[in-house]
Amino acid sequence: MNERGCYCSLWQKNPAHLESQGIPPGYCGLCDTCGQPGHTRHFPGAVPFTGSWCDYHYRVLSLIHPLGSFGVLLYGGGLLAMGIGLWYFLRG
């Protein structure tokens, strides 16, 4: 396991299996979105899903998905701003 939290340790256990799937060394999967070499990781939020993403699509997913690590802050901030705006509108 490395800092990505992926399954790259599979290369030490069974490299022939990953090579037969066309996965280059240093990666443990192919991106479900674009098909480029990527890493098999847990979804960046509170959802029980494990998929393969390249680093770009994993970062995008964590930012735009409401259950992603940063997406929850983005959507929560938007809801808070709408609540404050509605409060000001109804108040005055």
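Me: Which residue's side chain does the side chain of Ser 52 join in a polar contact of 2.9 Å?

Reply: In this predicted model, local features need pLDDT of at least 70, side-chain atom pairs count only at pLDDT 80 or more, and totals for chains, interfaces and linings use all residues. Residues are numbered from 1 along each chain as its sequence is written, and side-chain values use heavy atoms, with hydrogens and water left out. A polar contact is a pair of N or O atoms within 3.5 Å, where within protein one must be able to donate a hydrogen and the other to accept it, and residues adjacent in sequence count only if both atoms are side-chain atoms. At 2.9 Å, the partner of Ser 52 is Thr 40.

Me: Is Ser 52 buried or exposed?

Reply: Ser 52 is found in strand E3, residues 50-53. Buried means under 20% relative accessible area, exposed over 50%, and partly exposed in between (1.4 Å probe, protein chains only). Because its relative accessibility is 10%, Ser 52 counts as buried.

Me: How exposed is Val 72, given as a relative accessible area?

Reply: Val 72 is found in helix H4, and together with Leu 63, Ile 64, Phe 70 and Leu 73 it makes a nonpolar surface patch of about 510 Å². Val 72 counts as partly exposed because its relative accessible area is 45%.

Me: What distance separates the C-alpha atoms of Leu 73 and Leu 63?

Reply: Leu 73 lies in helix H4 and is exposed, with a relative accessible area of 61%. Leu 73 and Leu 63 are ten residues apart along the chain, and their C-alpha atoms are separated by 8.9 Å.

Note on methods. Patches are made of residues with over 30% relative accessible area and no salt bridge: like charges are joined within 9 Å, nonpolar side chains (Val, Leu, Ile, Met, Phe, Trp, Tyr) within 5 Å. Accessible areas come from the Shrake-Rupley method with a 1.4 Å probe; for residues, only the protein chains shown count as cover. A salt bridge is a side-chain nitrogen of Lys or Arg within 4 Å of a carboxyl oxygen of Asp or Glu. Helices (H or I, at least four residues) and strands (E, at least two) are DSSP runs, numbered from the N terminus.
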